[in-house]
Amino acid sequence: MALDVLIVDDEKDIRELVAGVLEDEGYAPRTAANSDEALNAITERRPSLVLLDVWLQGSRLDGLDLLDEIKRRDPSLPVLVISGHGNIDTAVAAVRRGAADFIEKPFEAERLLLLVARATETERLRRENAHLKAQIGQEDELTGQSAAINGIRATLKRVAPTGSRVLISGPAGVGKEVAARLLHNWSPRAAAPFVVVSAARMTPERVEEELFGLEDAAGMTRAGLLEQAHGGTLFLDEIADMPLTAQAKILRVLTDQSFTRVGGQRMVKVDVRVVSASSRNLADEIAAGRFREDLYYRLNVVPVHLPPLSERREDIPPLTMHFATRYAAERRVPTPAIANEAIAALQAYDWPGNVRQLRNIVERTIIMAPGDRLATIDADMLPPEVLSDQARLAPGGEASRSIMGTPLREARETFEREYLRVQIRRFSGNISRTATFIGMERSALHRKLKTLGLVEARDEGE
Ligand SMILES: Nc1ncnc2c1ncn2[C@@H]1O[C@H](COP(=O)(O)OP(=O)(O)OP(=O)(O)O)[C@@H](O)[C@H]1O
């Protein structure tokens, strides 16, 4: 994302010349001819640098006063001063009053670019830093090969370049934020910020201030998250948690890409792509009067639904491997193998906390594993809640205990019923894939299920 530089000069030729030089170098210049235009432009959107000619003719404030006013409003905004030839005293005074540096007229384009690069370096580093921080521990892929995940990946790739709004639904921990981040990374806005707004983590009174920023009577401003996302993507997490007043303001941002800061009058203009997510059913929230229907239609241009992990159990092995690789690297040990029984147990479990819970369990297992057991994750290293289904089948487990008092034929049936119930669940009810895995013909498995009274298991996905 190009850095925004505001050029303040009363001479049109100079403004245009400097703007041209900066534009050629990949900056995004804006211009102002006097102090009022400059202050308006800064209020409209905070630039990364102000390039200020100290000799401003026909302006309400002269250059040095304007410098003071800019510094009073926002002390961290860098200002590079342009001074006339032989006016070194004014230039020095400007630096004393907070200017980052000065350049004397007439100047070479090369020298100007050098000073601009130097004055914007902190901003560039800050952005790079924020970008890198955002990358650490973040997923750069939607791991999984289920039909659901493949479909979602294809949809995200198709809509990423368009700028369309996307509404992601699905229960907690299912990967909604991962999907939103990918959409941003695959879009032309990738180099600009990805800003997360989590209404659930703010008090309702703070939401508007955080989102839209603050402006006091004296014109002091603090940029909100929307302004920080300029040029990039704003991710509204748990959109149903937004208070109704904030919803009305968001609606206005979506219609004309502008808003006012809390306490302010002036319109702030931004260019952001809005991606939102909800784990609640928004139709219910609308019916209950807690969510604006008009906002719903604006946000829901492209709907993406992430199903719970229990409805796409084939994603469990690749996700487990993915997290095992990551946490082993963090612990600086080789990536462990995952024993078949461990995979079977993980696939049979229901995962109420979805992918987040799977990630935590893999992390915990690897962190807690004794040094001599790090080569392979075995089923007995998994936490008891995951193992409960398997434990019923294990020798000495509930199922095996209950069959010890019965004749072989009955015992075998009980075991088969339990075994098949777990295996079918593991393959999300898909009989063909279960049959392949357990080494039976599909039709034979069907017959078996009938005999055992397990006919309710349906052939999904066939
Ligand atoms: N398909 C996936 N590939 C890799 N990691 C994933 C995937 N889905 C989820 N995760 C991981 O699971 C965790 C939860 O994901 P995320 O925060 O995106 O969920 P969410 O749906 O936004 O949940 P919540 O609404 O609770 O915040 C994250 O650590 C994320 O890295």
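Four bridges connect strand E6 (residues 166-169) with strand E13 (residues 273-278), and the two strands run parallel. The model in which this pairing is found is a predicted one. Its chain holds 462 residues, of which 33% are buried, and the secondary structure amounts to 21 helices and 16 strands. Among the contacts in the chain with a separation of 6 or more, 70% are between residues 24 or more positions apart.

**The parallel sheet**

- E6 and E13 belong to an open sheet of five strands, which follow one another in the order E7-E10-E13-E6-E14 with parallel pairing.
- The edges of this sheet are formed by strand E7 (194-198) and strand E14 (302-305), each of which pairs on one side only.
- From one strand to the next, the twist of the sheet averages 20°.

**Strand pairs and facing residues**

- Ile-168 stands opposite Ala-277 in E13, and Ile-168 also stands opposite Val-304 in E14.
- The pairing of E6 with E14 is parallel and is made through four bridges.

**The largest nonpolar core**

- In soluble globular proteins, nonpolar side chains tend to be buried together.
- In this model the largest nonpolar core consists of 62 residues, and the members that touch the most other members are Ala-179, Leu-226 and Leu-234.
- Helix H16 (residues 354-368) supplies the largest share of this core, namely five residues.
- The core lies between domain 2 (137-307) and domain 3 (310-393), because both domains give residues to it.
- When residues up to four places away in sequence are left out, Leu-234 touches Val-195, Val-197, Leu-225, Leu-226, Ala-229, Val-272 and Val-274.

**A separate core**

- Another core, of 30 residues, lies apart from the largest one, and its members include Val-5, Ile-7, Leu-49 and Leu-80.

**Points to keep in view**

- Which strands pair on one side only? Strand E7 and strand E14 do, as the edge strands of the sheet.
- Which residue stands opposite Ala-277 in E13? Ile-168 stands there.

Notes. Residues are numbered from 1 along each chain as its sequence is written. This is a predicted model: local features need pLDDT of at least 70, side-chain atom pairs count only at pLDDT 80 or more; totals for chains, interfaces and linings use all residues. A residue is buried if 20 or more other C-beta atoms lie within 10 Å of its own, exposed if 12 or fewer, and partly exposed in between; C-beta atoms are placed from the backbone. Two residues are in contact if their C-beta atoms, placed from the backbone, lie within 7 Å. A nonpolar core is a set of buried Ala, Val, Leu, Ile, Met, Phe, Trp, Tyr and Cys residues joined through C-beta atoms within 7 Å. Domain bounds come from an automatic or database domain assignment. Two strands pair if DSSP finds at least two bridges between them. Axes are lines fitted to C-alpha atoms, for helices over the stretch in contact, and angles run from 0 to 180 degrees between N-to-C directions.
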